[in-house]
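Subject: Handing over the structure

Hi there,

Here is the structure I promised to pass on to you. Please open it alongside this note, and what I found follows below.

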Amino acid sequence: MTTFDLPIKTLPTLEEAYGSVLGGSRMENTETIVNLPTASLLPFPSHPFLLQEQRVQDLVSSIQEQGILSPLMVRESKEQPGKYEILAGHHRQAAALEAGLDTLPCVIRNISDDEAICFVVDSNLQRGFTDMLPSEIATALTMKHDAMKHQGKRLPDQDTPCHSDKKLAEESLMSPRKVNRYIRIGRFLIKPLLEHLDQNQFPLLAAEQLSYLSPDHQELLSCYLDEIPEKISIDQSLLLRELENQEETWNRQFLDEFFHPVSPIHKPVKTVKLKIKSIRSLIPESLGTQEEVEQYIVKALAFFQEQASF
């Protein structure tokens, strides 16, 4: 293994920049770059970000002309001795394989699983969310949320924002509510529905509501969307969530009737409000309490329905 001692002093490392989040010690600005076999580099486990083919092709051209301009960040694999997990540089490694490079310059980091997750997420979030799919953002924020919890950073349940969520939101340039929405989706929406979200079959707010459906019902809905690419609105997602505990049978027929009803489906009426002025003349003055008035109205409606049936 060839070793070069080269100073890297232009910018602080990501571990330094996020030292307060990771809870670890600062690294020296001078790090050792080593050449590692390209085939020995493995994708980070559960890596939440997809490889972008156009970006890989652009890097292939750059590598063929100039070589690798910046080293990859890696750590030793616990599961496969002699192998290394990529922390930063998945696109560079894919491009290097295509360009036929046998070795790649790397910096080996000795960090924990939770530190590695934060590093991977942060290194990708540096380029912003503009070219990321919703499923990538949801998975990445969920992974970092869990890693911070494991490290003793107090974070609440995904539906309750607090100061720690605000810190995560500030790093992600999002509102705490939106961060919690992504975490909810990343944790509870099944992968096939995440793919439908990426295909713009329903908006993020609808995805949050669908994440409350049981896994079985989510699976049924996903299979239905595979066959019939319906668009799900926010109102429809709210209604599906509301109907879940009211419908005994969730099947293809139920979904057909839901998306293509013979008559419009309306939400069950839970509360009726009447202006007393509009019915005051119809109510006997002897009825003084709210309960008496309600009973009178119920009896009047029952009588009306009975008469109307003849």
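Let me start with the second largest pocket, whose lining residues divide into seven nonpolar, one polar and three charged. Here Ala, Val, Leu, Ile, Met, Phe, Trp, Tyr, Cys and Pro count as nonpolar, Asp, Glu, Lys and Arg as charged, and the others, Gly among them, as polar. This is a predicted model, in which local features need pLDDT of at least 70 and side-chain atom pairs count only at pLDDT 80 or more, while totals for chains, interfaces and linings use all residues. Residues are numbered from 1 along each chain as its sequence is written, and side-chain values use heavy atoms, with hydrogens and water left out.

The lining includes Val272, Lys273, Leu274, Arg280 and Gln290. α14 (276–279) and α15 (290–308) each supply at least two of the lining residues, and α15 gives the most, with five. (Helices are DSSP runs of H or I, at least four residues, numbered from the N terminus.)

Two packed helices are described by the angle between their axes and the distance between the axes. Axes are lines fitted to C-alpha atoms, for helices over the stretch in contact, with angles from 0 to 180 degrees between N-to-C directions.

**α9 and α11.** The axes of α9 (residues 191–198) and α11 (residues 215–227) come within 9 Å and cross at roughly 45°. The two helices are therefore oblique to each other (under 35 degrees is roughly parallel, over 145 roughly antiparallel, 65 to 115 roughly perpendicular and the rest oblique). Pro192, Leu193 and His196 in α9 meet Gln218, Ser222, Leu225 and Asp226 in α11 (contact means heavy atoms within 4.5 Å). These contact residues divide into three nonpolar, three polar and one charged.

**α11 and α13.** α11 also packs with α13 (residues 252–259): their axes come within 10 Å and cross at roughly 65°. On the α11 side are Leu220, Leu221, Tyr224 and Glu227, which meet Arg252, Leu255, Asp256 and Phe259 in α13. Five of these residues are nonpolar, none polar and three charged.

**α12 and α13.** For α12 (residues 234–243) and α13, the axes come within 12 Å and cross at roughly 140°, so this pair is oblique. Gln236, Leu239, Leu240 and Leu243 of α12 make the contact with Phe254, Phe258 and Phe259 of α13. That contact has six nonpolar residues, one polar and no charged.

Enjoy looking around!

Best wishes

Methods
On a 1 Å grid over the protein atoms alone, a cavity is a set of points where a 1.4 Å probe fits but cannot get out, and a pocket is an open set with protein on both sides within 12 Å along at least five of seven lines; lining residues have an atom within 4 Å of a point.
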